[in-house]
Amino acid sequence: MFELETGLIFWNTVSFAILVFLMYKWVLPPIIAIMKERQMAITRSIVAAEESRKKSEELLAENKRKLAEADRTAKNLINLAKTDGDQVKREILEKAEKQASLIAQQAAQDMQAEKSRIINEAKKEIAEMVALASSRVIGRVITKADNQRIIEEALK
Amino acid sequence: MKEMDLDRLLEISGERAEALCDELYRISYLVKQNYELMSALTDPKLAGEAKKKVIGDLMPGASKIFSEVISLMIDQELIKELDQVSVDFTLLVAKKMNIRFDEVIFSEKPGEDILNKFKKIAGDKIRYRIQIDPTLIGGFIWKTMDGKVMNASIKGRLSQIREEIAA
């Protein structure tokens, strides 16, 4: 049934050894080289990826920092603008109040001046009318004797 | 600028100086009161003879020396200086004769009694130049030679009242 054939085993062993030798000598080195190259490429990729990740993280951190700074600056500007706005508003209000006060004062003075002018005009008109009416009446009624008496009294 | 030699005129007029002074004052007063007369006398287009005739008509019976002075002023184109000549000559005569020429303006021609009262006040050192201005209504204005004014006219009094009312 089962029978060992020594010759066959021997030759199979020899053939296998030769195959192993051949494989080791000519087939295995290029595969190992390819494998090594591949491993190095992978290693490089991993390093590059790692560097890229680090750079991305740094960039992200930088962006966050800049964003925070911009946010602070914007807040400062808004606060400053708000402060300036309040100041300007106060100044405008003060100025407007002063101007309103001056206008009111000027208006009161103008009104007083106009009132005085009208009263003076009226006085002048009345005086003119009185003088004119008096001169007409006196001119009509004065006699030579009256005139002589006036002159004599003035010469006393 | 041409000028009248008033010192020479005073010398020439001699005793007639006061009369000449009075005549110059009268014609000067008339010219001052009448703008058209002033324009005619100073109009270069109007002949000198015509101007002399106008003055002759206005001053009938004026002295010879007066006519000669006016002729000279017209010929020398000095007639526009008539008022100044009259004033300056009056001052010269007043100084020489040690008298004063005052002007009194009445509203109407004053009677002799009034004039006598003025003469009594003045004595013989004041000569009055009487003028009539009906707008005074009554009374008089006395202007002395040194610039003082006494306004005793009704017009002046009314003016005072008007100022008092207007004040």
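In strand 4 of chain B, B:V149 is the bridge partner of B:K143. That pair belongs to a predicted model, as does everything else I show today. Strand 3, residues 140-143, and strand 4 of chain B run antiparallel to each other, paired over three bridges. They sit in an open sheet of four strands in chain B, with the order 2-1-3-4 and mixed pairing. Strand 2 (126-132) and strand 4 (149-151) of chain B are the edges, each pairing on one side only. From one strand to the next, the twist averages 15°.

Now helix 5 of chain B, residues 64-75. Its twelve residues, at 1.5 Å a residue, should span 16 Å, and the end C-alpha atoms are 16 Å apart, so the two agree. Which residues of this helix are buried? They are B:F66, B:V69, B:I70, B:M73 and B:I74. On the face turned away from the buried side, helix 5 of chain B carries the exposed residues B:K64 and B:D75. Just after the helix, B:E77 has a positive phi of about 55°.

Last, the interface. In chain A, 20 residues are in contact with 18 residues of chain B. Helix 1 (6-141) and helix 2 (144-155) of chain A each supply at least two residues of the chain A side. The largest share, eleven residues, comes from helix 1 of chain A. By type, the chain A side divides into ten nonpolar, five polar and five charged residues.

Note on methods: Residues numbered from 1 in each chain as written. Chains lettered and ligands numbered in written order. Predicted model: local features only at pLDDT ≥ 70, side-chain atom pairs only at ≥ 80, totals over all residues. Contact = placed C-beta atoms within 7 Å. Nonpolar A, V, L, I, M, F, W, Y, C, P; charged D, E, K, R; others polar. Pairing = 2+ DSSP bridges. Axes fitted to C-alpha atoms, helices over the stretch in contact; angles between N-to-C directions. Expected span 1.5 Å × (residues − 1). Buried ≥ 20, exposed ≤ 12 C-beta atoms within 10 Å, placed from the backbone.
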